[in-house]
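Hi there,

Here is the structure I promised to pass on to you. Have a look at it first, and then read my notes below.

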Amino acid sequence: MPLKFAANLTFLWSELPYLDRFDAAADAGFEAVEVLFPYDIAAMETQRALTANGLQMILLNAPPPNYTGGPRGFAAQPDMVERFRRDIVRAYRYAEALGVSFVHVMSGEAEGQKAKQTFVDNLCWAAECAPDGLTLTVEPLNKTAMPGYFMCDYGLAAEVLIAVDAPNVALQYDSYHAQMIHGDAIAVFDEYSPLARHIQIGDTPKRGVPGSGNVDFGTLFDRIDSSGYDGWISAEYHTDGRTGDTLNWMKRS
């Protein structure tokens, strides 16, 4: 089966107003999109844009950010457990309203065994109360982009997933972060793909257009295809100018 590509509308068509990005994605041939933090727009408005363009929304991030300037993500912070459990419910309401399949649970900045246990406990709790059909994901983020971020290694992600041991909690693989953290995005995919339920792509070192940096996307796409992965591969990269001019990589996949 051909690989299925989705558009991350937090990154792509950032030159357009938020709601216009759905039109642009559909015009470019995408059938699915994701938005990292859609919370400052009424869910009804996003749903209207999805429906008008025949698009499926597949992912959002959680917990919602603190609008008074707080961190994006605090699921591994021991002193934020009550806040996490309150706010994840809000994320679930958005996910249900928008028909989202995946919620990426962000660990936030933390370190040490206590942070790890807090993250595991929060994921266990969140998995138990998640709506039917929703999968929670754990994604390692590199410390160049996210200094101090707890979930910063694929081995650590595997340890957390083993400890949680829930069918609705899985790995989110990202070629940009995998390459930045471990130096070989393909080797990371080969090792951890059995745990992955969602994939995002961007090139290194600046999360650029696929083919602009250090990741061998031809080989990576071959490995994804041969692995039997049949989910979405979301394009999540920065653009310089018009997003529509950056999509030639899709033709070579």
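There are 0 disulfides here, a disulfide being a pair of cysteine sulfur atoms within 2.5 Å. For Cys 124, the reason is distance: the closest cysteine sulfur, in Cys 129, is 11 Å away, too far for a bond. Please keep in mind that this is a predicted model, where local features need pLDDT of at least 70 and side-chain atom pairs count only at pLDDT 80 or more, while totals for chains, interfaces and linings use all residues. Residues are numbered from 1 along each chain as its sequence is written, and side-chain values use heavy atoms, leaving out hydrogens and water.

Now to the salt bridges (a side-chain nitrogen of Lys or Arg within 4 Å of a carboxyl oxygen of Asp or Glu). The whole structure has 7 of them. In one, the closest N and O atoms of Asp 87 and Arg 83 are 2.4 Å apart. Both residues are buried, meaning under 20% relative accessible area, with exposed being over 50% and partly exposed in between (1.4 Å probe, protein chains only). They sit 4 residues apart in helix H3 (residues 81-98), so about one helical turn separates them. Helices (H or I, at least four residues) and strands (E, at least two) are DSSP runs, numbered from the N terminus. Arg 83 and Asp 87 also belong to a salt-bridge network that includes Arg 86.

Another salt bridge joins Arg 207 and Glu 236, with 3.0 Å between the closest N and O atoms. Arg 207 and Glu 236 are buried as well.

Happy exploring!
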